[in-house]
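This is a walk through one protein structure, written for someone who has not seen it before. Look at the sequence and the model first, then read on.

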Amino acid sequence: MSESPFDDPIEPTSFDLIVIGTGLPESVIAAAASTSGKTVLQLDPNDSYGSHFASHTLDDLTCFLNSHAPSTASVTTSEGDYTTLDLNPRSLYSHIETANYAPEILAEHSRRFLIDIGGPRVLFCADKAIELILKSGVGSYLNFKAVDGNLIWDESSGGLCNVPDSRAAIFKDKSLSLKEKNQLMRFFKLVQQHLAAASDGEDNESSKISEEDLETPFVDFLTTRLPHKIKSIILYSIAMVDYDQDNSKVCKSILKTRDGISRLALYQKSVGRFPDANGAFLYPMYGHGELSQAFCRRAAVKGCLQVLRRPVISLLMDKDSGQYKGVRLVSGQDLFSHRLVMDPTFTVPLPPASSPPDLPKESLKGDKRKVARGICITTRSLKPDISNLLLVYPPRSLFSEQDTSVRAIQIRGGTDGGGLAVCPSSMFVLYFSALCDDAEQGKRLLHAAMNALLTLPVSGNLESGSTVQSEDAVLKPTLLWSMLYIQEITTGQYEHLISTLMPDGNLNYDDLLDETVLLFQKMYPDEAFFPETPSEDIEGLSLED
């Protein structure tokens, strides 16, 4: 990607598609359009890849979050054949709260951190992101390691328990009684028989879950078959449900049994898919920002012109029709294209006009929720024998008003012993997230989750910590640094131009990729989404021990 100064003009000046931003949705669209033979220009005002999907050093992370100031009034001017509409920045991050308990140590290593803006994130071994990585050929640019631990917070003991997600894990689990183990095994067998019968097209209804049951709430389906403890594990640590499914008054999304079974199928397909990954999850070396960079590289290989440090300040609209024509850079240069894709940083009011006949005027469903995100740096693993792990706090497990799950991921630094090179080898990065309606609710969820796991240094001793009063007397990891913030959720929109999506509240990218594909197909309904499939087998993915 070029890093030319502002006054170095871009040539050529006309393209099929201009993409503003190098986040994951923008980069996927740029790569798909370039692969389809479109001429594409990808611009980014920043000096690095990734936009809202980047991985940053500690200093750069703070600067990025604080750089998204509230919007100002748009200015519309008219000159020549065009009306110019100024792009306005959106306020996408707020209530940023940072605490540093080891400033000297972190300053010494500050450039060795690669912190994800949109964490916590994992890739299921059989999810849509992995399939897209294999299909598009970007797997050659990426390396992954397994996230081996899947844990759930046990409110009764105030500690962490392993999720019994396979036959071997069920038999090894000491927290389950023999009766509970048998119940869970029978339930998994029921699901597997249903999936096998549905896949083979069998007419044997005795092997399938009835259509009536498939349309019922998943929580009701589970309640009639499993005790509360196992039901909670399946709902929140395997199906990854957000809201309290037992409380219809606060639950904003009731999961149907049909969708619940699909989520279990994804999890089961993911476990053991790759030889070097025992669990269901993968994490990219050097952080999730590598995914955006990989698709940028794919786009460049297919002819996409990419230029960093080029802020776009306004759009060029036809004075008579009001249709989009091009963009103006901060240097004053005008660039033209048939289509425009913008990252969600920007907003602009469009003048009244009918949309092009091949791009109907409509927008995707809005989302008024927010995501509370937290990042912590520690000196010790939550579980001494596990480097990288996923943890879920089910609703009501931290406090009685907790309506939604809180999720956390621990990633080890360095490259040895499962380390993913996101921080120094002596440290760990913990990510937390929870859906919320406002900052107060979100911060309460994050603080409760952090307080349950971590302790502050005592008298400046970073190795000291308080003891959890449990049967095993586990020592809590010591907190070196933390940052909490509230992120707005935006959805893709398409009218005269396309605005992509912010990171959502999910663990994986499936919903985000679904909407990204939809945006691409709205622009190019006759084009295949990545028609080439050079690496459709799992050999196209690199996993490290």
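A pocket is an open set of points on a 1 Å grid over the protein atoms alone, where a 1.4 Å probe fits, with protein on both sides within 12 Å along at least five of seven lines; lining residues have an atom within 4 Å of a point. The model is predicted, with local features needing pLDDT of at least 70 and side-chain atom pairs counting only at pLDDT 80 or more, while totals for chains, interfaces and linings use all residues. Residues are numbered from 1 along each chain as its sequence is written, and side-chain values use heavy atoms, with hydrogens and water left out.

The largest pocket has 43 lining residues, and Asp242, Arg263, Arg369, Asn506 and Asp511 lie nearest its centre. Its volume is about 1,200 Å³, a volume being the space filled by probe spheres set on the points, which are joined across faces, edges and corners. The lining of this pocket divides into 17 nonpolar, eight polar and 18 charged residues. Here Ala, Val, Leu, Ile, Met, Phe, Trp, Tyr, Cys and Pro count as nonpolar, Asp, Glu, Lys and Arg as charged, and the others, Gly among them, as polar. Helix α10 gives the most to the lining of the largest pocket, with six residues. Helices (H or I, at least four residues) and strands (E, at least two) are DSSP runs, numbered from the N terminus.

Helix α10 (residues 257–270) also meets helix α6 (residues 178–200): their axes come within 11 Å and cross at roughly 95 degrees. The axes are lines fitted to C-alpha atoms over the stretch in contact, and angles run from 0 to 180 degrees between N-to-C directions. The two helices are therefore roughly perpendicular, a term for angles of 65 to 115 degrees. In α6, Phe187, Phe188, Val191, Gln192, His194 and Leu195 meet Ile261, Leu264, Ala265 and Gln268 of α10. The residues of this contact are seven nonpolar, three polar and no charged.

Both α6 and α10 are among the elements that cover the buried residues of helix α9, where contact means heavy atoms within 4.5 Å. Nine of the 11 residues of α9 (residues 228–238) are buried, so this helix is largely enclosed by the rest of the structure. Buried means under 20% relative accessible area with a 1.4 Å probe, protein chains only. Among the buried residues are Ile230, Lys231 and Tyr236. Just after α9, Met240 takes a positive phi of about 55 degrees.

Definitions and conventions: Angles under 35 degrees count as roughly parallel, over 145 as roughly antiparallel, 65 to 115 as roughly perpendicular and the rest as oblique. Buried means under 20% relative accessible area, exposed over 50%, partly exposed in between (1.4 Å probe, protein chains only).
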